[in-house]
Amino acid sequence: MSKITVVGSVALDSIETPFGKVESVLGGSATHFSTAASFFTPVNLVGVVGTDFPKEHISFLRSRKIDTKGLEITEGLTFSWRGHYDYDLNTAHSLETNLNVFQDFNPKLPENYADAEIIFLANIDPQLQLQVLEQATEPKLVVMDTMNFWIEHKKEHLIRTLQEVDIALMNDSEARELCKTHSLLDAARMVMGWGPTTVIIKKGEHGVLMFTETTHFAAPAFPLEEIKDPTGAGDSFAGGFLGFLAKNGDFSEQNQRKAVVYGSVMASFSVEGFGLNRFRELTQKEIDSRYCHFEEITGF
Ligand code: AMP
């Protein structure tokens, strides 16, 4: 079993979808990732929250066996995000992004975090992502996610961080915006030109594409009857993907294909509830059964 260290946002999210709304609930890229990955493997979390961050959220993370030694609590307000979705649930409209305590954050990896084999740079300022990566002593697999906010505000730093990464994750509109092309194939090639050997492009309800220099792999999204909130689907995908690879220890391309399916399974559960609600009651049996169902719907 490989150890995972993740850096990313730990947030208070306010979300409105056509199916309801919630105010100031536990969210953030690192939180969604860690919770999904914790169904497979232990996770070390690096991030920062303010003194307003409810204690019960930390208890929840610890109850999932997520190591929170690297989660700093500093004077000030926790990062907060407000977003809404229309019936096209693939597009998040960001209404407010308050970086708050993340603005002066200087991540320091606790001793038992630095030697993790897998480093996940979840969506956050690319300069912070790089700072964490520079402290990693034995990374075997470095994976990074991002979003339009950082493409718009810190593109040069983003490309600099991409140069140090093995696998880049982004969604289709971000890939198009970053590479200024409609073609996802061209975008993937351009990103690979900066450094990563694999690019995974998430297309929401239309599934996911994985590109390497020589192969392509496509998986659909799991067809769901009820969706409540797509927030965190991308991070939950990453959690299932890397959680499976960490548990299994084999990072080959063949195994990455299975990991893409585990990622899709975790993303499909995540959108069935607001925030992290669905994960609070999810069982291993449900994960295994949906993975089998996935094999059925994709086999021919
Ligand atoms: P996703 O998996 O892309 O839906 O990620 C959703 C999470 O990203 C939410 O829980 C937000 O708190 C977080 N988020 C939104 N904007 C940013 C940002 N600019 N940087 C880091 N995290 C963000």
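**Exercise 1.** Find which residues of α10 meet which residues of α12, then describe how the two helices pack.

Step 1. List the partners. From α10 come K258, V261, Y262, S264, V265, M266, S268 and F269; from α12 come E286, I287, R290, Y291 and F294. Contact means heavy atoms within 4.5 Å. Helices (H or I, at least four residues) and strands (E, at least two) are DSSP runs numbered from the N terminus. The model is predicted: local features need pLDDT of at least 70, side-chain atom pairs count only at pLDDT 80 or more, and totals for chains, interfaces and linings use all residues. Numbering runs from 1 along each chain as its sequence is written, and side-chain values use heavy atoms, leaving out hydrogens and water.

Step 2. Sort the contact of α10 with α12 by class. Asp, Glu, Lys and Arg are charged; Ala, Val, Leu, Ile, Met, Phe, Trp, Tyr, Cys and Pro are nonpolar; the others, Gly among them, are polar.

Step 3. Take the geometry. The axes of α10 and α12 lie 10 Å apart, at an angle of about 120°. Axes are lines fitted to C-alpha atoms over the stretch in contact, and angles run from 0 to 180 degrees between N-to-C directions.

Step 4. Name the arrangement. The crossing is right-handed (the near helix is turned clockwise from the far one by less than a right angle).

**Exercise 2.** State how α9 and α10 cross, and which residues meet.

Step 1. The axes of α9 and α10 come within 7 Å and cross at roughly 140°. α9 and α10 are therefore oblique to each other. Their crossing is right-handed.

Step 2. On the α9 side are A233, S236, F237, G240, F241, F244, L245 and N248. They meet N255, Q256, K258, A259, V260, Y262, G263, S264, M266, A267 and S270 of α10. This contact of α9 with α10 holds ten nonpolar, eight polar and one charged residues.

**Exercise 3.** Describe the packing of α1 on α9.

Step 1. α1 spans residues 29-37 and α9 spans residues 233-248; they pack at about 40°, with axes 7 Å apart. That makes α1 oblique to α9. The crossing of α1 and α9 is right-handed.

Step 2. α1 brings S29, H32, F33, A36 and A37 to the contact; α9 brings D235, S236, A238, G239, G240, L242 and G243. The residues of this contact of α1 with α9 divide into five nonpolar, six polar and one charged.

**Exercise 4.** Which residues line the second largest pocket?

Step 1. The lining of the second largest pocket is F217, A218, A219, P220, Q254, R257, K258, V261, Y291, F294, E295 and T298. A pocket is an open set of points on a 1 Å grid over the protein atoms alone, where a 1.4 Å probe fits, with protein on both sides within 12 Å along at least five of seven lines; lining residues have an atom within 4 Å of a point.

Step 2. β14 (216-219), α10 (253-270) and α12 (284-298) each give two or more residues to the lining of the second largest pocket. By class, that lining has seven nonpolar, two polar and three charged residues.

Terms used
Angles under 35 degrees count as roughly parallel, over 145 as roughly antiparallel, 65 to 115 as roughly perpendicular and the rest as oblique.
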